[in-house]
Amino acid sequence: MKLSRRSLLATTAAVAASTVPAAPAQAAPVRGGRPLRTGFERLADAGYARLAGQRVGVVTNPTGVTRDVRHIVDVMHADRRVDLTAVFGPEHGFRGTAQAGGSEGRYDDPATGLPVYDTYLKSGQPLADVFTASGVDTVVFDIQDVGARFYTYIWTLYDCMEAAALAGKRFVVLDRPNPATGREALGPVLHKEFATFVGRQPIAQAHGMTVAELARLFNGEFLTTPVPLDTVPMTGWRRSDFYDASGLPWVPPSPNMPTPDTALVYSGTCLFEGTNLSEGRGTTRPFELLGAEGIDGRWAAAADALGLPGVRFREAYFAPTFSKFQGRTVGGVQLHVDDRTVFDPVRTGIGLLVTARQVWDGFAWRSDDWIDKLTGSARVRTMIDAGAGTDEVVSGWRAELAAFRKVREQYLLYR
């Protein structure tokens, strides 16, 4: 039997409609004995005082869960202290039934009866009109990010902040960990003439920030009219922490982000979306497996010879079940990160592009120059085409990255 999106949503209703306790579970001690509390947990701990007297709408997706994996919408809907009146779904949807490049549209959530509004590909006044039509006073954002400029949820955050300002709404951001850590920003900075939904504003490719920190940066640097902003930081999180230190469950933020390991490499290997190679979509290890027909073990050997810190490369063969090379066996590499404390995902992605072009005569960029949108300018593509090596390409963004790091420092909430 073929199920529609609405049928899939309806199957969750019976379970989710059961009685949901109002308070989230207590934080478990994590590495070093520091109990991490997310923004939502701290909001609930304080009895939702920040939302008192407000009609509330939540921008979220399946990652908006408590540590015992109840969705925050279900929890808040069952709590009389919160006047939750609307939900706003991003790419992939609120309940997560849509693939990349899709959303769930406008519907009433079967589990709660709440109206769900679609934000995907909406911005400016059209999105402000959605907020106005919903009747909310405060828009709350709670989505797990993965730390890369081209992961669209941070631009959903940006667009919603801009629209909330236009609609005269208050905006609250509930913070969650950056799974790739917040140690430092890495990679090229977007040039404004290359702005798209995979990069609205000039930030680094791996920004090294949490969503609450990004919200502060957006409000302070980029929004023409700042929104009335309230951020609820985490407690117990350090910039050097990887996701497994959090004690939180991992819910895939999108269908091709199955594990924190994926998030660790994504800000570098997603660049292969801009080529004719498979970036591993349709496999069990997306963005860790890369390849194409006609590639053999020479690529893994060339990549290993670069001596990139914290990572090794294995010759690999795989058959994607969808996307590029669907159902066909391709050759390539699998990344194995063996020291994540020194691993640089962006430098690694550049090294893999350079070596793939060197060893495989079938290498080509996507005809729409999507690589320029991902890297934020034409520089990476043109330098690699001109025969530049990994170190030369990486040195090309040194000055702009240093300038971004200086701006970024003003908006950090954690040490």
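Trainee: Is C270 buried or exposed?

Mentor: The model is predicted. C270 has a relative accessible area of 1%. The cut-off for burial is under 20%, so C270 counts as buried.

Trainee: What is the relative accessible area of C160?

Mentor: C160 is a buried residue. Burial needs a value under 20%. For C160 the relative accessible area is 1%.

Trainee: How many disulfides does a search of the whole structure find?

Mentor: A disulfide needs two cysteine sulfur atoms within 2.5 Å. The search covers the whole structure. The number of disulfides found is 0.

Trainee: How many cavities of 30 Å³ or more are there?

Mentor: Rolling a probe the size of a water molecule over the atoms shows where empty space is left. With a threshold of 30 Å³ or more, the number of cavities is 3.

Trainee: How much space lies in the largest cavity?

Mentor: The lining of the largest cavity includes T63, R176, Y243 and W250. By class, that lining has 6 nonpolar, 3 polar and 1 charged residues. The space in the largest cavity is about 60 Å³.

Trainee: What volume does the second largest cavity have?

Mentor: Among the residues lining the second largest cavity are I143, D145, N178 and M209. This lining divides into 6 nonpolar, 4 polar and 2 charged residues. The second largest cavity has a volume of about 50 Å³.

Trainee: What span should helix α10 have at 1.5 Å a residue?

Mentor: Helix α10 covers residues 345-359, which makes 15 residues. The expected span is 1.5 Å times one less than the number of residues.

Trainee: How many of the 15 residues of α10 are buried?

Mentor: The buried residues of α10 include P345, V346, I350, L353 and A356. Helix α10 is mostly covered. Of its 15 residues, the buried ones number 11.

Trainee: Which residue caps the N-terminal end of α10?

Mentor: The backbone nitrogen of V346 has a side-chain oxygen 3.1 Å away. A polar contact needs the two atoms within 3.5 Å. The residue that supplies this oxygen and caps the helix is D344.

Trainee: The backbone oxygen of which residue lies 2.8 Å from a polar atom of the side chain of T60?

Mentor: T60 sits in strand β1, residues 55-60. T60 is buried, with a relative accessible area of 0%. At 2.8 Å from its side chain lies the backbone oxygen of D142.

Technical notes. Residues are numbered from 1 along each chain as its sequence is written. This is a predicted model: local features need pLDDT of at least 70, side-chain atom pairs count only at pLDDT 80 or more; totals for chains, interfaces and linings use all residues. Side-chain values use heavy atoms; hydrogens and water are left out. Buried means under 20% relative accessible area, exposed over 50%, partly exposed in between (1.4 Å probe, protein chains only). On a 1 Å grid over the protein atoms alone, a cavity is a set of points where a 1.4 Å probe fits but cannot get out, and a pocket is an open set with protein on both sides within 12 Å along at least five of seven lines; lining residues have an atom within 4 Å of a point. Grid points are joined across faces, edges and corners, and a volume is the space filled by probe spheres set on the points. Ala, Val, Leu, Ile, Met, Phe, Trp, Tyr, Cys and Pro count as nonpolar, Asp, Glu, Lys and Arg as charged, and the others, Gly among them, as polar. Helices (H or I, at least four residues) and strands (E, at least two) are DSSP runs, numbered from the N terminus. A polar contact is a pair of N or O atoms within 3.5 Å; within protein, one must be able to donate a hydrogen and the other to accept it, and residues adjacent in sequence count only if both atoms are side-chain atoms.
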